[in-house]
Amino acid sequence: MTENLDIGKLIKERRKQLHITQDTLAELSGLSVNYLSKLENGSRQNISVDTLLKLAQAFGTTASDFFSWDKFQK
């Protein structure tokens, strides 16, 4: 059985683990707070590779880490 990956949930959890606000993540990633909010609350479910790379860089990690729950649980 395949589970759907909730990228918004991963972004929110990682952001909270790092104790940063959506405003700070927006500044670090070059994305808007509105866009990040939509990703985190699930109203925007598709994410481009470019956006994923921006978020990975803002989090100081790699894009592939977004696809591994284990990496975000540490």
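**Entry 1**

The model I am looking at is predicted, which I will keep in mind throughout.

I also looked up the hand of this crossing, and for H2 and H3 it is right-handed.

Which residues meet where H2 packs on H3? From H2 I listed Gln22, Asp23, Leu25, Ala26 and Ser29, and from H3 I listed Val33, Leu36, Ser37 and Glu40. Sorted by class, this contact of H2 with H3 has four nonpolar, three polar and two charged residues.

**Entry 1: the whole chain**

Next I stepped back for an overview. The protein chain has five helices and zero strands, and from the N terminus on its elements read α-α-α-α-α. Of the 74 residues in the chain, 35% are buried. I then looked at contacts with a separation of 6 or more, and residues 24 or more positions apart account for 50% of them.

**Entry 2: the buried side of H2**

I went back to H2, which covers residues 22–29, and found Gln22, Leu25, Ala26 and Ser29 buried there. Why do the buried residues of H2 line one face of the helix? Looking down the axis of H2, I see that they fall within an arc of 105°, so they share one face. A reminder to myself: an α-helix has 3.6 residues a turn, so residues three or four places apart point the same way.

What do the buried residues of H2 pack against? My list reads H1, helix H3 (33–41) and helix H4 (49–59). Just after H2 I came to Gly30, which takes a positive phi of about 80°.

**Entry 3: H1 beside H4**

The crossing of H1 and H4 is left-handed.

On the H1 side of the contact I found Ile7, Ile11, Arg14 and Arg15, and on the H4 side Leu52, Leu55 and Phe59. By class, the contact of H1 with H4 has five nonpolar, no polar and two charged residues.

I looked up Lys9 in helix H1, which spans residues 7–17. Lys9 counts as partly exposed because its relative accessibility is 39%. Its C-alpha atom is separated by 5.8 Å from that of Glu40, a residue 31 places away along the chain. Glu40 was already in my notes as one of the H3 residues that meet H2.

Is Thr51 buried or exposed? I found Thr51 in helix H4, and it is buried, with a relative accessible area of 8%. Leaving aside residues up to four places away in sequence, Thr51 touches Leu31 and Tyr35.

At 73% relative accessibility, His19 counts as exposed. Most residues other than glycine have a negative phi. His19 is not a glycine, yet I read a positive phi of about 55° for it.

Conventions:
Residues are numbered from 1 along each chain as its sequence is written. This is a predicted model: local features need pLDDT of at least 70, side-chain atom pairs count only at pLDDT 80 or more; totals for chains, interfaces and linings use all residues. Side-chain values use heavy atoms; hydrogens and water are left out. Helices (H or I, at least four residues) and strands (E, at least two) are DSSP runs, numbered from the N terminus. Buried means under 20% relative accessible area, exposed over 50%, partly exposed in between (1.4 Å probe, protein chains only). The arc is that of the directions from the helix axis to the C-beta atoms. Contact means heavy atoms within 4.5 Å. A crossing is left-handed if the near helix is turned anticlockwise from the far one by less than a right angle, and right-handed if clockwise. Ala, Val, Leu, Ile, Met, Phe, Trp, Tyr, Cys and Pro count as nonpolar, Asp, Glu, Lys and Arg as charged, and the others, Gly among them, as polar.
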